[in-house]
Amino acid sequence: MPRYGMVIDTRKCVGCQDCVIACKTENNVPVGYNRDWIVTESHGKYPNIQMEIRTERCNHCSETPCVSCCPTGASHIHDVGGVVLITHEVCIGCKACVQACPYDARFIHPDGYADKCTFCIHRVEEGLKPACVEVCPTYCMYFGDLDDPNSEVSILLQSRKWHVNLPDAGTQPNIFYLT
Amino acid sequence: MNSLSRRKFLKISGATIATAAVLASSAKSIVNAAENVTKKNGLQIIPSYCDLCFWKCGLLAYVKDGKLWKVEGNPKDPLSNGRLCPRGTGGVGAHYDTERLKSPLIRKNLRGEEKWVEVTWNEAFDYIADKMNKMKATYGPEAMALFSHGIGGNFIKHLLRAFGSPNETAPSFAQCRGPREVGFELTFGDVVGSPERTDIENAKCIVLIGSHLGENMHNTQVQEFSHAVEKGASIIVVDPRFSVAASKAKYYLPIKPGTDMALLLAWMSVIVNEKLYDADYISKYGNGFEQFAAEVSQYTPEWAYIETGIDPELIRETAREMVRYKPATLIHPGRHATWYGDDAQRSRAIALLNALMGSWGRKGGFYVPYSYSIPKYPYPSYPELMKEPLDNPNGKYPFATGEQISTGIREATITGQPYPIKGWFIYGTNLMQALPNRDETIKALQNLDLMVVVDVIPSEIAGWADVVLPESVYLERYDDLNASPFREGFVGIRQPAVEEPNDQKPNWWMAKKLGEKLGLGAYFPWKDIEEYLDIRLKLAGHSLTEIKKEGIIKGPKKPIYYDNGVEPEFLTPSGKIEFYSTQLAKAGFDPVPRYTKHPEPPVGYFRLLYGRAPVHTFSKTQSNPILADLMSENEIWVNADLAEKYGMKTGDRIKLKNQDGVISDPIKVRATERIRQDCVYMVHGFGQKSRQLRSTYKKGASDAELVTKYNTDPLMGGTAMNVNFVTFEMEV
């Protein structure tokens, strides 16, 4: 059984937000909300600046505070790929998961349910890549099975330096940033 | 808690509009286009090409249950490689934009008051044709001028030529890439062109001088830049602002604005004095190298340091870095080159630096592009022109060749010399943001008997028109064929995926109907554009039915480098690369570029710089609901220490006042370490003043409004706009 994850090459990302827009149109995300977003971090004093640009979203963690806190079972781990999903019909919009997520990846959809990135599981199950990965004009995003040592994502993680967001949160995130 | 009532409560409390709700608006799909559509799970997928900028990327429009769902890149298209930029991906919003023009309008009150009467297309065409015929009788057909941007203007250009006017221009020359094309043509005998012939993908060293790839999203260039970064290309970025590209660079040169020529000359002196140039290439293809070398050898890095503020050792080191990878060293020519007034000469210096690398015509430098040849439609010949174009009287700007000077036409409209201009036809360009010094534009248009604007939105320039004609957006219409010069020959088609929501019409239809009203029906012999396109394609051995299927037809592959079969050809007077330009010397200009010291901002003022953001194109896309959701206003970048000195924090709203006392709309401060202290920066296209475009009205500030001063390039008439200084007005 696969364990889906993403590897994002921050050396290539230009922060253009194409991933954000592709997600919005693919998934009909309402105006005013995003399931993914860009973070630009810069340090130093002009002109000696170091800067990292990265695209962020739900980390589809292996340890999931958002799932364990959910009172209805709407927030759950999908039986394929370990993807964290929300059953909209079951969700009561109580915001417990919104509070629990250390990455601020969830929001309450205007229709009343918690919403976030699904890794475009509807596409992945058809053999396609997530919309954000497919659109990226810098080819900085990779999606695949972290448990398969021969997958593109595994090979990248073996050959390049990387970090995850909030490693101390204990969530074991499945999105990795190449530096 | 009852989940339904909970949801209902949230729905009422949420102050947002769902995209899904917008999707439920009135558009219908084109049913008769079934034969060219791939059907999958009830979806229609229609190939076309984009119009969110001038790059013309191939796309696939997805129509679900008759409604436009999403737009993706066409994998068969060599420009997009199946990946659009954020604007193209958000192109869906152009169709659903609720602020679009919906019907033809005729002005009711004074120009610029934006009071209109809605009219029928027939009434609009009668009004225009009557004015144009009277103008022709009184002043001659050349009194009508066209400002046009984008391929959609082709049929209107044809109409104006059939009418008998030679005056047709676009701001893309004198307000943008003109100096670059002239500088390269003077040197290599050919222009850089669009898409740029830069072989970024194969470059081993890339030098960007003020060119912010990644923030300007020229799709193929950004894709190739990313591949080059991945392959470990050495990147050198010269910019007063620490751009996104700078964050990918091995060397960042924080140059003082206005001094780029000093850096270029110093680089060339290092390369010449240390004899690091490609001697074989230069002896084969160069002309006047000795004179050039003698001239540039004087510009030491120590001299350049005083001008540019760049450490002399860094200048030497980066010069040697470029040499290390030659000829696969690309000193990028940029695109928007109208900066200081000596821009054609600065572009020529960039061309010469590339010539020293031997990169023109070589892999990793500049490839030799070619187009798929599609014959023109066999129209009857145009009427003989009675007068010359008036944009450049007596060749005042002797090297403004090939394209007309938009600001020259504006000038003639003000003065009536050398002959009167009484009509402006404006297609797809917001002159209020594109041309410098807004007052001159307003003064010119007050002299007109007729001003017609064709646009998809009520742009600022549309607000000044007598007649506004609402155009279908690109996803709703056919346009002319696109055969961009590129790495490979191809022809692409734009075809409708959905119908117009209201009474909008395609430009080809407007041109034909207005042509018929003007008695020029013989110039529009085709029944409709499908017949026009089919005839053109059949002349090339193809057909409309064939191209509609995949949206693209590719031609045979040809070599694109001197090293693999392209015969070098330099269409200069010497037939070689002109290191020393005799034609410039003859015309009284510097035959080898020299340094001009440009005025610096007075104390308390800062140079206003402007550029692009990935999600917007000029001032065309700000009302697109998807793109506006990600960027609805611009910010003024201010160095963090400077901001602190003035007591400004990120998020504060201030106004900017320029050297002529013009005050901007309020704009948010972005206090940042990513910019020098002698300049400020904003993204172009905001601070719009069209009252009909409510979502963008005075959102952010307009750099164009603050560009009251401009220097004119004496070689080619380009209007340099980085010469304005602003100060901060805290009281908002």
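Me: Is B:Glu729 buried, exposed or partly exposed?
Reply: B:Glu729 is partly exposed, because its relative accessible area is 25%. Keep in mind that this is a predicted model.

Me: Which residue does the B:Glu729 side chain meet in a salt bridge?
Reply: B:Lys657. The N to O distance is 3.8 Å. The pair links distant parts of the chain, 72 residues apart. B:Lys657 sits in strand β22 (residues 653-658) of chain B. B:Glu729 sits in strand β27 (residues 725-729) of chain B.

Me: And B:Lys657, buried or partly exposed?
Reply: Partly exposed, at 26% relative accessibility.

Me: What does B:Glu550 form a salt bridge with?
Reply: B:Lys76. The closest N and O atoms are 3.6 Å apart. B:Glu550 lies in helix α20 (residues 544-550) of chain B, and B:Lys76 in the loop between β4 and α3 of chain B, so the pair ties together parts that are 474 residues apart in sequence.

Me: How accessible are those two?
Reply: B:Glu550 counts as partly exposed at 40% relative accessibility. B:Lys76 is also at 40% and partly exposed.

Me: Which residues are linked in a network of salt bridges?
Reply: B:Arg177, B:Arg180, B:Glu181, B:Glu196, B:Arg335 and B:Glu403.

Me: How many salt bridges over all chains?
Reply: The whole structure has 67.

Me: Switching to the interface. How many salt bridges between chain B and chain A?
Reply: The count is 6. There are also 20 residue pairs in polar contact between the two chains, both residues at pLDDT 80 or more.

Me: Which elements of chain B supply at least two residues to the side that touches chain A?
Reply: α1 (3-13), α2 (19-23), β4 (67-73), α3 (86-89), α8 (219-230) and α22 (625-630) of chain B. α8(B) gives the most, with 7 residues.

Me: What area is buried there?
Reply: About 4400 Å² between chain B and chain A. Carbon and sulfur atoms give 55% of that. The contact takes 54 residues from chain B and 51 residues from chain A.

Me: Which chain A residue does B:Asp629 meet in a salt bridge?
Reply: A:Lys24, at 2.4 Å, N to O. B:Asp629 lies in helix α22 of chain B and A:Lys24 in helix α1 (residues 18-27) of chain A, so the pair joins two chains.

Me: Is A:Lys24 buried or exposed?
Reply: Buried, with a relative accessible area of 4%. B:Asp629 is partly exposed, at 25%.

Me: And what does A:Lys45 meet?
Reply: The side chain of B:Glu673, in a salt bridge at 2.7 Å, N to O.

Me: Now chain A. What is the strand order in the open sheet of 4 strands?
Reply: β8-β1-β10-β9 (chain A), with mixed pairing. The edge strands are β8 (141-145) and β9 (162-163), and each pairs on one side only.

Me: How many bridges join β1 to β8(A)?
Reply: There are 5, and the two strands run antiparallel. β1 covers residues 4-9 of chain A. A:Ile8 stands opposite A:Met141 in β8(A).

Me: Which strands does helix α6 of chain A lie across?
Reply: β1, β8, β9 and β10 (175-178) of chain A. Helix α6 (residues 152-159) runs at about 115° to β8(A).

Me: Last one. Where is B:Thr429 found?
Reply: In the loop between β14 (423-427) and α16 (431-434) of chain B. B:Thr429 counts as buried because its relative accessibility is 6%. Leaving out residues up to four places away in sequence, B:Thr429 touches B:Phe147, B:Ser148, B:His149, B:Pro171, B:Ala434 and B:Ile461.

Terms used: Residues numbered from 1 in each chain as written. Chains lettered and ligands numbered in written order. Predicted model: local features only at pLDDT ≥ 70, side-chain atom pairs only at ≥ 80, totals over all residues. Heavy atoms only, no water. Pairing = 2+ DSSP bridges. Contact = heavy atoms within 4.5 Å. Axes fitted to C-alpha atoms, helices over the stretch in contact; angles between N-to-C directions. Buried < 20%, exposed > 50% of the residue type's maximum accessible area, 1.4 Å probe, protein only. Buried area = accessible area lost by both parts, 1.4 Å probe. Salt bridge = Lys/Arg side-chain N within 4 Å of Asp/Glu carboxyl O. Polar contact = N/O pair within 3.5 Å; in protein donor to acceptor, adjacent residues only side chain to side chain.
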